[in-house]
Amino acid sequence: MAEKKGASNTVIGMIFGCYALFELLASLLFGKYLVQIGAKFMFVAGMFVSGGVTILFGVLDQVPAGPVFIAMCFLVRIGDALSFAAAITASFSILVTAFPNNVATVLGSLEIFSGLGLVLGPPLGGFLYQSFGYEVPFIFLGCIILLMVPLNMYILPNYEANPGEHSFWKLISLPKVTLIAFVINSLSACFGFLDPTLSLFVLKKFNLPAGYVGLVFLGLALSYTISSPLFGLLSDKMPHLRKWFLVLGNLITAGCYMLLGPVPVLHIQSQLWLLVLMLVVNGISAAMSIIPTFPEILSCAYENGFEEGLSTLALVSGLFSAMWSIGAFLGPTLGGLLYEKVGFEWAAAVQGLWALTTGLAMGLFYLLEYSRRRRSKFQNILGTEEEQRALLPDENQS
């Protein structure tokens, strides 16, 4: 539709790209000022604006072609990015405030509904589009979101807190948080990479009908949906496993992307069953890595003097959303470029290399952290023994 309305491929790319940019900026801004704005108001306002701009998407085909259409596309995409950043940042903060002892379990359960959206969205949208035309899917979804606004206004309590003294810069400057941010980037980029490339590869390589391409994506969405609450529960019940979930999940993800093509150096023939299997395993490994990131950043912040409460939760929520949006921009952008230059097999391998690098870096950090803590504990024991020996002569003399 955009091409028919006079938008060039470059402009279309900018329209899609501006979403990630404004989501990044808005996530940081809303995370910083969530306490002042109010978590409930931010969440409800984000949903209201999101419903409105979704309906506007449905009527864009009625806008005159040329600069007016392009300007409206930019405005709607920017409005969608701002509303999504507000709603997701506030929702993470509200949930963790409500369930402080089950952070990972709650976030894992939340991903069930994200996965259901990925599973049900394409077939439902396709059915509405084929049956009623372009406008109806957007108007239908927008109205559902708007109907949720009064319900949330009634159900959600008000969360009040004092603004915190700490900033994003202090949070992101913590080495552990910086590494986890790169983990979030890489996993988001891996998901984003598949959007513009996988369907083209499957159609070209296996000659599948267009309607079956969505079923290939289904393996990834379902496995991620089912495994997310499981890893959330395990992360809360056994917090010491979170670090190994992070590392192992990244390493398995790297292996999956190496075998998606597979990469030519492995000399493995490309087969549809192998591709689907790797997507299923990737859904599990992604859940293994993504779910522990939020509680790990939160615990690191508390260990480094951040106050426990809504202000710190807002910073962590904003940081998570911002890092995810960076990956969501880089994944499809670089993935599309690499797909054109070197083909899907090598492009997927590059994505896998990114996940491998972050996984190894995270594993090295945890090993160094363990070594440092053990050495510090040993020195404390030695210091205590020396103090006891120093006191013993005094006691004997007395």
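Let's start with C300: at 4% relative accessibility, this cysteine counts as buried, where buried means under 20% relative accessible area, with a 1.4 Å probe and protein chains only. C256 is buried as well, at 3%. This is a predicted model, in which local features need pLDDT of at least 70 and side-chain atom pairs count only at pLDDT 80 or more, while totals for chains, interfaces and linings use all residues. Residues are numbered from 1 along each chain as its sequence is written, and side-chain values use heavy atoms, leaving out hydrogens and water.

So what about disulfides, meaning pairs of cysteine sulfur atoms within 2.5 Å? A search of the whole structure turns up 0 of them. Take C256: its closest cysteine sulfur belongs to C190 and sits 9.7 Å away, so that is too far for a bond.

Now step back to the whole chain. It has 13 helices and 0 strands; both are DSSP runs numbered from the N terminus, helices being H or I with at least four residues and strands E with at least two. The C-alpha trace spans about 100 × 55 × 35 Å along its principal axes. Of the 398 residues, 46% are buried. Contact means heavy atoms within 4.5 Å, and among contacts with a separation of 6 or more, 83% join residues 24 or more positions apart.

Next, look inside. A nonpolar core is a set of buried Ala, Val, Leu, Ile, Met, Phe, Trp, Tyr and Cys residues joined through side-chain atoms within 4.5 Å. The largest one has 39 residues, and L171, F294 and L319 are among those with the most contacts inside it. Helix α12 (residues 310–342) gives the most to this core, with 7 residues. Leaving aside neighbours within four places in sequence, L319 touches F168, L171, I172, V177 and I297. A second, separate core of 22 residues includes F206, A254, Y257 and M278.

A254 and Y257 are also among the buried residues of α9, as is C256.

Finally, how do two helices meet? In α4 (residues 103–132) and α5 (residues 135–155), the residues L124, G125, L128, Y129 and F132 of α4 meet V136, P137 and F140 of α5.

Technical notes: A disulfide is a pair of cysteine sulfur atoms within 2.5 Å. Buried means under 20% relative accessible area, exposed over 50%, partly exposed in between (1.4 Å probe, protein chains only).
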